[in-house]
Amino acid sequence: MSITETLQVRVKSITWEAEGILSYELWPVAPHKELPPFEAGAHIDVHLPNGLIRNYSLFNSPQERHRYLIGVNKDPQSRGGSRYLHEVLRPGDTLTVSAPRNNFPLDEAAASSVFIAGGIGITPVLGMIRRLQALGRPWQLFYAARTRKNAAFVETLQALRDDAGATLQLSFDREPGASMLDIPAITNALPAGAHVYCCGPLPMLDAFEQATAGLPPERVHREYFAARESAATAGGFTVELVRSGRSIEVASGQTILDCLLNAGIEPPYSCQEGICGTCEVRVLAGLPDHRDLVLSEAEKASNQRMMICCSGAKGSKLVLDL
Ligand code: FES
């Protein structure tokens, strides 16, 4: 299945997981069909009837082909995504989703894996832990939530920990006498050769970036749920599209993606905030002004690819493989 293709799934069940968090079990609409395979850490795009597209991590075992499981936190600032899923969607309804895509892959060969998760950031991590458990590989999890009532999947994680003899540390920073997760202490005590992963709110990811700045980049993995900086909309450059033979002017106040859509060109896109990787395009010439949270620093420095939903140009022209 290509990145632009979608499939229909049916909501088999909806489960309360914690205060403000529901999980959705999605089955193929066609009976006895398998869903496209996925790796631990992958997400799907959910296309909502109101035109919004939202990305949700899969938390079931990648060995399962009959269903996808996603967890959805009800965001009080929801622009219609999580609110729709929580308030309107019911078991038996159908949804349009993309094939799974993975920007947060698990290194299955690592000597050990250490995870730091905050809030709904536990969802991709749970899928990764299930995969490590199946492989018989060691893991540690440090999981922070506001309170115990807000922490999803705790019993599942405790059962996985008991089976594996793994480390599970829970921390609830809004409970009386609580303290914040000490991320520098965790990263200073990593087992030799360990890979370390983080998914959670921006302050947690900022602390993680600082604490892991001195580690080899290939051992450090993170996934963002929200943009850190605004899109590049200064405009004033031309985008040359070699495959379609067109040239598009990007005016001030618009992203490259806005201009392409206005010109009737429909490249794949989803989150529109530089976090899902769907709009990635090869750069054939010119210098992008990278604003995404998908490419690594080394990938950004090589300027071979860019996310056109949020990144702009540092010069007067970009030539793209579109
Ligand atoms: S659409 Fe998600 S990164 Fe561009």
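This is a predicted model: local features need pLDDT of at least 70, side-chain atom pairs count only at pLDDT 80 or more; totals for chains, interfaces and linings use all residues.
Residues are numbered from 1 along each chain as its sequence is written, and side-chain values use heavy atoms, with hydrogens and water left out.

Helices (H or I, at least four residues) and strands (E, at least two) are DSSP runs, numbered from the N terminus. Two strands count as paired if DSSP finds at least two bridges between them. Strand 1 (residues 6-18) pairs antiparallel with strand 2 (residues 21-28) through eight bridges, and A18 has I21 of strand 2 as its bridge partner. The hairpin these two make has two residues between the strands, and G20 takes a positive phi there, near 85 degrees. Strand 1 also runs antiparallel to strand 6 (residues 94-98), with five bridges joining them; here V9 sits opposite L95 of strand 6.

Strand 13 is bridged five times to strand 12 (residues 237-241), in the antiparallel sense, and V239 has I248 in strand 13 as its bridge partner.

Now for the core. A nonpolar core is taken as a set of buried Ala, Val, Leu, Ile, Met, Phe, Trp, Tyr and Cys residues joined through side-chain atoms within 4.5 Å; buried means under 20% relative accessible area, exposed over 50%, and partly exposed in between (1.4 Å probe, protein chains only). The largest such core has 31 residues, and those with the most contacts inside it include F115, W139 and L157. Strand 7 (113-118), helix 2, strand 8, helix 3, strand 9 and strand 10 (195-199) each supply at least two of its residues. Helix 2 gives the largest share, six residues.

Which residues of helix 3 are buried? In helix 3 (residues 154-164) they are V154, L157 and L160. They lie on the same side of helix 3 because they cover an arc of only 125 degrees around the axis (taken from the directions from the helix axis to the C-beta atoms). An α-helix has 3.6 residues a turn, so residues three or four places apart point the same way. E155, D162 and D163 are exposed on the other side of helix 3. The cover over the buried residues includes helix 2 (122-135), strand 8 (139-145) and strand 9 (167-172). After helix 3 comes G165, with a positive phi near 65 degrees.

S113 belongs to strand 7 and is buried, at 2% relative accessibility. Neighbours within four places in sequence aside, S113 is in contact (heavy atoms within 4.5 Å) with L132, P138, W139, Q140, H195 and Y197.

As for the cysteines, C276 is buried at a relative accessible area of 2%, and C279 is buried too, at 4%. Taking a disulfide as a pair of cysteine sulfur atoms within 2.5 Å, the count comes to zero.
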